[in-house]
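These are my notebook entries on one structure. I set down what I looked up, in the order in which I looked.

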Amino acid sequence: MDELGHISHWRAIMAGSLAGMVATTVTYPSDVVKTRLIVQNRLEPSYQGILHAFCKIYHQEGLRALYRGVSPAILGAVPFSAGSFFVYISLDTIWQEPIVRFTPLQNFVNGCVAAAVAQTLSFPFETVKRKMQAQSPWLPHYGGVDVHFTGMADCFRQTVKHKGVLGLWRGITPSLLKIVPYFGVMFSTFEFCKRVCLYRNGYIQSPLNYKLTPGVDQSLHPQELRELKLLRRENFEPRKSALEN
């Protein structure tokens with residue numbers, strides 16, 4: 001970062017991608033369990049709950065089974081981060097005004113658009129990941145997957161061969177219905193919380209707009225700004241006392 005804390009677009013994309021990869025790797029076993037619980041036959045369930053699924057998958061298939069499909073999940077973080085950030089840096093051009101002046105409604109729309117673009121770009125990796133998570137020789141009909149494969153690359157090939165290229169995007173509509181409003185609410189809430197913090201620290205006049213507070217040096221850090229306010233108050237109080245006397 002430079003002296004003002006700014007970072008280049010490509011480094012921001014890389015940072016977001018790496019953060020997504022680490023988060024995916026740490027939480028991935030729970031994602032595998034969720035998929036297994038979804039695809040199992042409810043009339044003859046293979047798992048009785050979350051803990052039972054963890055233990056049964058580990059004892060029957062080993063630790064690697066809890067990370068089956070992690071490769072497309074990690075690779076999918078790259079187009080997801082790149083797509084969402086590309087939309088984010090293009091927002092001022094789309095709205096034809098600075099990002100800092102966006103209304104809460106604009107921030108909600110921005111989050112929805114960024115999520116829609118990012119999820120569409122990364123969805124083929126999501127499709128392959130789910131198929132790899134669900135497939136298991138210990139489940140009836142190998143987990144009910146529509147194609148059988150030996151790895152990530154083979155899963156891509158078999159899906160395109162039997163379902164066509166659009167088969168990699170099958171199921172994207174319910175996925176968008178979930179993730180688009182989620183990111184819209186998250187994005188608008190995040191931006192509003194930033195304005196609340198700026199308002200409480202004295203940089204802007206109200207959290208509902210972005211009008212800068214007159215006479216405030218926007219380059220100062222919050223601690224420096226508080227110290228400056230305290231110094232001004234101390235200098236003003238003796239003069240007030242002298243006038244009263």
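**Entry 1: helix 6.** I began with the length of helix 6, which has twelve residues and reaches 16 Å from its first C-alpha to its last. That is close to the 16 Å expected at 1.5 Å a residue, where the expected span is 1.5 Å times one less than the number of residues. Helices here are DSSP runs (H or I, at least four residues), numbered from the N terminus. The model is a predicted one, in which local features need pLDDT of at least 70, side-chain atom pairs count only at pLDDT 80 or more, and totals for chains, interfaces and linings use all residues. Residues are numbered from 1 along each chain as its sequence is written, and side-chain values use heavy atoms, with hydrogens and water left out.

I then listed the buried residues of helix 6: Asp 154, Cys 155, Phe 156, Gln 158 and Thr 159. Buried means under 20% relative accessible area, exposed means over 50%, and partly exposed lies in between (1.4 Å probe, protein chains only). These buried residues pack against helix 5, with contact taken as heavy atoms within 4.5 Å. I looked separately at Asp 154, which is found in helix 6. Asp 154 counts as buried because its relative accessibility is 12%. Apart from its neighbours within four places in sequence, Asp 154 is in contact with His 148 and Phe 149. Just after helix 6, I noted that Gly 164 takes a positive phi of about 85°.

**Entry 2: helix 3.** I applied the length check to helix 3 (residues 70-89) as well. Its 20 residues should span 28 Å at 1.5 Å a residue, and the end C-alpha atoms are 29 Å apart, which agrees. The buried residues in helix 3 include Val 70, Pro 72, Gly 76, Phe 80, Phe 85 and Val 87. Which helices do the buried residues of helix 3 pack against? I found helix 1 (9-39), helix 4 (91-95), helix 5 (104-134), helix 6 (152-163) and helix 7 (172-200).

**Entry 3: the packing of helix 1.** The axes of helix 1 and helix 5 come within 9 Å and cross at roughly 75°. Helix 1 is therefore roughly perpendicular to helix 5. On the helix 1 side the contact is made by Tyr 28, Asp 31, Val 32, Lys 34, Thr 35, Arg 36 and Val 39, and on the helix 5 side by Lys 129, Arg 130, Gln 133 and Ala 134. Axes are lines fitted to C-alpha atoms, for helices over the stretch in contact, and angles run from 0 to 180 degrees between N-to-C directions. Angles of 65 to 115 degrees count as roughly perpendicular, under 35 as roughly parallel, over 145 as roughly antiparallel, and the rest as oblique.

Helix 1 also packs with helix 2 (residues 50-61), at an angle of about 100° and with the axes 10 Å apart. These two helices are therefore roughly perpendicular to each other. Helix 1 makes this contact through Pro 29, Ser 30, Val 33, Arg 36 and Leu 37, and helix 2 through Ile 50, Ala 53, Phe 54, Ile 57 and Glu 61.

Leu 37 lies in helix 1 and counts as partly exposed because its relative accessibility is 24%. Leu 37 and Ile 50 are 13 residues apart in sequence and 7.9 Å apart in space, C-alpha to C-alpha. Neighbours within four places in sequence aside, Leu 37 is in contact with Arg 42, Tyr 47, Gly 49, Ile 50 and Ala 53.

Entry 4: Asp 92 is found in helix 4 and is partly exposed, with a relative accessible area of 31%. Not counting residues up to four places away in sequence, Asp 92 touches Glu 97, Ile 99 and Phe 102. From Asp 92 to Phe 102 I read ten residues in sequence and 9.0 Å in space, C-alpha to C-alpha. Ser 175 is in helix 7, and its relative accessible area of 16% makes it buried. Beyond its neighbours within four places in sequence, Ser 175 is in contact with Gln 119 and Phe 123.

**Entry 5: cysteines.** How many disulfides are there? With a disulfide defined as a pair of cysteine sulfur atoms within 2.5 Å, the count comes to zero. The sulfur of Cys 193 has its closest cysteine sulfur in Cys 197, at 6.8 Å, too far for a bond. Cys 193 counts as partly exposed at 41% relative accessibility, and Cys 55 is partly exposed at 44%.
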